[in-house]
Amino acid sequence: MDTAFTNVPLIVFPPTTDEIKRLVKKAANKTCRLDPMPTWLLKECLDTLLPIITCIVNKSITSGIVPSAFKRAVVRPLLKKPGLDKDEFKSYRPVSNLPFLSKILEKVVEARLDDHLLLNNLYDSHQSAYRRGHSTETALLKVQSDIADTLDHGTSVILIMLDLSAAFDTIDHNILLKRFSHSYGIRGMAQAWFRSYLTDQHQCIEIENSVSEYMLMQFGVPQ
């Protein structure tokens, strides 16, 4: 059982003020087929649309409700690398295309969650992904350094590597929410937001000009 969180819990997400403009300008000009307008056009009209976007984001994080339109994804299978066999399913990785505003909302929540994790020292000391300043490169450097240091001391080294295939697709929502509350102190309206975010997520598959029906995601998270 994980250690219970005993510090100040994260109960509510502070509303946003000026970060929306920065997030929109920084975002790539990618557009999802679910977007009502191209991203480049939204950026051109940002001064006019900014109050509306800010209101939508603040309504979501203060009410603990994620709009249903933000919980739909179009999944496109992309080749992992050029030259792979296009007839093999394992040659592809699924990429979720989400509405642009849903990604902005996620970035706002991510910033608040990151502040909470850093403030309470909740990141694993060896985590080298989804963390500022810690990429997969730092993980490789850590492993290489540990191996070299061990060999320098005349000790044998055994390296065991575990590849969790489709790890993000197997996440159990109830277990995740319980861990959020017990181990990370995410409760109240903040936990309600995550529960809403994970509930009624739907996705469809798009291959060339063919699109499947939407299916409910009972496990996993959009990627």
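The model is predicted, with local features requiring pLDDT of at least 70, side-chain atom pairs counted only at pLDDT 80 or more, and totals for chains, interfaces and linings using all residues. Residues are numbered from 1 along each chain as its sequence is written, and side-chain values use heavy atoms, leaving out hydrogens and water. Helices (H or I, at least four residues) and strands (E, at least two) are DSSP runs numbered from the N terminus.

**Helix H1 with helix H4**

- H1 and H4 (residues 100-119) pack at an angle of about 125°, and their axes are 10 Å apart; axes are lines fitted to C-alpha atoms over the stretch in contact, with angles from 0 to 180 degrees between N-to-C directions.
- The crossing of H1 and H4 is right-handed, meaning that the near helix is turned clockwise from the far one by less than a right angle.
- Glu19, Ile20, Leu23 and Val24 of H1 make the contact with Phe100, Ile104, Lys107, Val108, Ala111 and Arg112 of H4 (contact: heavy atoms within 4.5 Å).
- The residues of this contact comprise 7 nonpolar, no polar and 3 charged; Ala, Val, Leu, Ile, Met, Phe, Trp, Tyr, Cys and Pro count as nonpolar, Asp, Glu, Lys and Arg as charged, and the others, Gly among them, as polar.

**Helix H6 with helix H7**

- The axes of H6 (residues 173-184) and H7 (residues 188-198) come within 11 Å and cross at roughly 165°, so the two helices are roughly antiparallel.
- H6 and H7 also cross in the right-handed sense.
- On the H6 side the contact involves His173, Asn174, Leu176, Leu177, Phe180 and Ser181, which meet Gln191, Phe194, Arg195 and Leu198 in H7.
- The residues of the H6 contact with H7 divide into 5 nonpolar, 4 polar and 1 charged.

**Strand pairing**

- Strand E1 (residues 72-79) pairs with E3 (residues 202-207) in the parallel sense over 4 bridges (pairing: at least two DSSP bridges between the strands).
- Val74 has Cys204 in E3 as its bridge partner.
- E1 and E2 (residues 92-97) run antiparallel and are joined by 6 bridges, with Pro77 opposite Pro94 in E2.

**Aromatic pairs**

- The whole structure holds 5 aromatic pairs, that is, rings of Phe, Tyr and Trp (its six-membered ring) with centres within 6.5 Å.
- The rings of Phe13 and Trp193 have centres 6.2 Å apart and planes at 85°, so this pair is edge-to-face; planes under 30 degrees apart count as stacked, over 60 as edge-to-face and the rest as tilted.
- Phe13, in the segment before H1 (19-26), and Trp193, in H7, are 180 residues apart, and their pair links distant parts of the chain.

Conventions. Angles under 35 degrees count as roughly parallel, over 145 as roughly antiparallel, 65 to 115 as roughly perpendicular and the rest as oblique.
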